[in-house]
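Here is a short tour of one protein model. Look over the sequence and the fold, then read on.

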Amino acid sequence: MNGIIRVFPQRTSYTPDDNYIFVIPPKVGQAPDTKYWPEHKEIHISCTFTWDKSYCEQLAHQFSGVTNKPVKLGGAAFNSPADDFIPGMYIKKNIVFTTRGCNNNCPHCCVPRLEGRIKELPIHPGNIIQDNNFLQASRAHKDKVFKMLSTQKSICFKGGLSVECINDHFINAATGLRISELWLACDTDEALPKFKIAAEKLKKAGFSRDKIRCYALVGKNRDKDEARLREIYHAGALPMAMLFRDFSDKKTKYDQDTEKWARSWIKLAAVKAKMEKGTDYRNFSI
C-alpha cells in the first residue's frame, strides 16, 4: 500500500492481506529473500505487543542490512502516535477507526497515554468499528458513522462500548443496522451494576445474548473473576475472559491451569457448555 512494505511478527485475524505484507514469526526469524519483495519506498516493522519488541528490533536490524530504503520501527508497543487512521495500512480494510483516544483514565488501559482525549476522524467504510471509545464522540459524528454503517452487513462494534454511554440515541440507531456483535466491557466487580443496566437496555431492544458480548479482564482472583463472568452471562451477554497482561516488555505469565481456565471463557462453545450444561473447563477440549 502506497509502496510501503509492512512487516508483522505474527498473523492475526486483523492482519492485512495485500501484496505488501510480510508476516515473519520468531520461528522464521529472518527477512525473506529480496527477490520476493515488491517495488517499495519504505519498510515498516509493526509491533503491537510489548513482549514482541525485542524480536521486532531484530527484524528491523535485518531488513536494514539488506536494503537501502528507509526501515521504520513502530506500533503501539513503541508508543507510536495514533493521530489518524489509514484504512488497510496496519489492519484489514473492513476494520476501521472513526475516533482515536478516550476521555477516561482507567488504570489498566494505555489508550489515553498513547492517543490522548477523544478525537474524531474522517469516516471510511467498514463493518467493524474498532474505536476505543466510540460512544464518547459527538452525536453528529456518531450519526455520520451510522449512515455509513447502513450500507454494511455483519456489523461489529469491537472496540468496547462504554456501558454508561449506551443511551436511546445509540440503541435506536443500532436497531436499524445489521448488527452482528455489540461488545461491552466489565473489568471489575464495581462495573457490574452499570453493565447490567446497559445489557438490560440492549435486551429490551431485541438484541440476543449471541449479539451482546462482553470483555472481562481477569487474572487477579479466579474465584471472584469466575463469579463476575457468570453474572455477565446471566445478565444476557456472552463474556470473554482476557487475562491481564502488563504493558511491559515481558509477557505476564500464568500457570497452565489458569491459562486453560481463561480459554474456557473465550470459546463460545465452551462458555455455553459451562453455563447451560454445567461442563467443567477441565473436561472441555480447547
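Strands here are DSSP runs of E with at least two residues, and they are numbered from the N terminus. The model is a predicted one.

## Ser46 in strand S3

Ser46 has its place in strand S3. Is Ser46 buried or exposed? Ser46 counts as buried, at 10% relative accessibility. Setting aside residues up to four places away in sequence, Ser46 touches Val7, Phe8, Pro9, Cys56, Gly74 and Tyr90. One of these, Cys56, is among the buried residues of helix H1.

## Helix H1 and its covered side

Helix H1 runs over residues 53-64 and has 12 residues. From its first C-alpha to its last, H1 reaches 16 Å, close to the 16 Å expected at 1.5 Å a residue. Six names make up the buried set in H1: Lys53, Tyr55, Cys56, Leu59, Ala60 and Phe63. These residues lie on the same side of H1, because they cover an arc of only 160° around the axis. An α-helix has 3.6 residues a turn, so residues three or four places apart point the same way.

What covers the buried residues of H1? The cover includes strand S1 (4-8), strand S2 (21-23), strand S3 (42-46) and strand S4 (71-74).

In soluble globular proteins, nonpolar side chains tend to be buried together. In this model, the largest nonpolar core has 53 residues. Phe157, Leu161, Ile166, Phe170 and Phe195 have the most contacts inside that core. Helix H5 (residues 192-204) gives the largest share of the core, 5 residues. Apart from this core lies another, of 15 residues, among them Trp37, Ala60, Phe63 and Ala77. Ala60 and Phe63 are also buried residues of H1.

Leaving out neighbours within four places in sequence, Ile166 is in contact with Leu135, Leu161, Ile171, Leu184, Ala198, Lys201 and Leu202.

## The parallel sheet

How many strands form the open sheet? There are 6, in the order S5-S8-S9-S10-S11-S12, and the pairing is parallel. The edge strands, strand S5 (95-96) and strand S12 (238-243), each pair on one side only.

Inside the sheet, strand S9 (residues 155-157) pairs with strand S10 (residues 179-185) in the parallel sense, over 3 bridges. Cys156 stands opposite Glu181 in S10. Cys156 is buried, with a relative accessible area of 6%.

How many disulfides does the structure hold? The count is 0. Cys156 is in no disulfide, and the nearest cysteine sulfur, in Cys214, is 15 Å away. A disulfide needs the two sulfur atoms within 2.5 Å.

## Loop residues

Most residues other than glycine have a negative phi. Asn79 has a positive phi, near 60°, and is not a glycine. Asn79 lies in the loop between S4 and S5, and counts as partly exposed at 42% relative accessibility. Ser154, also not a glycine, has a positive phi of about 50°. Ser154 sits in the loop between helix H3 (139-149) and S9. Its relative accessible area is 45%, or partly exposed.

Asn221 is in the loop between strand S11 (212-218) and helix H6 (222-234). Asn221 is partly exposed, with a relative accessible area of 33%. Asn221 and His61 are 160 residues apart in sequence and 41 Å apart in space, C-alpha to C-alpha.

Methods. Residues numbered from 1 in each chain as written. Predicted model: local features only at pLDDT ≥ 70, side-chain atom pairs only at ≥ 80, totals over all residues. Heavy atoms only, no water. Helix = DSSP H or I, 4+ residues; strand = E, 2+ residues; numbered from the N terminus. Expected span 1.5 Å × (residues − 1). Buried < 20%, exposed > 50% of the residue type's maximum accessible area, 1.4 Å probe, protein only. Arc of directions from axis to C-beta. Contact = heavy atoms within 4.5 Å. Core = buried A, V, L, I, M, F, W, Y, C linked by side-chain atoms within 4.5 Å. Pairing = 2+ DSSP bridges.
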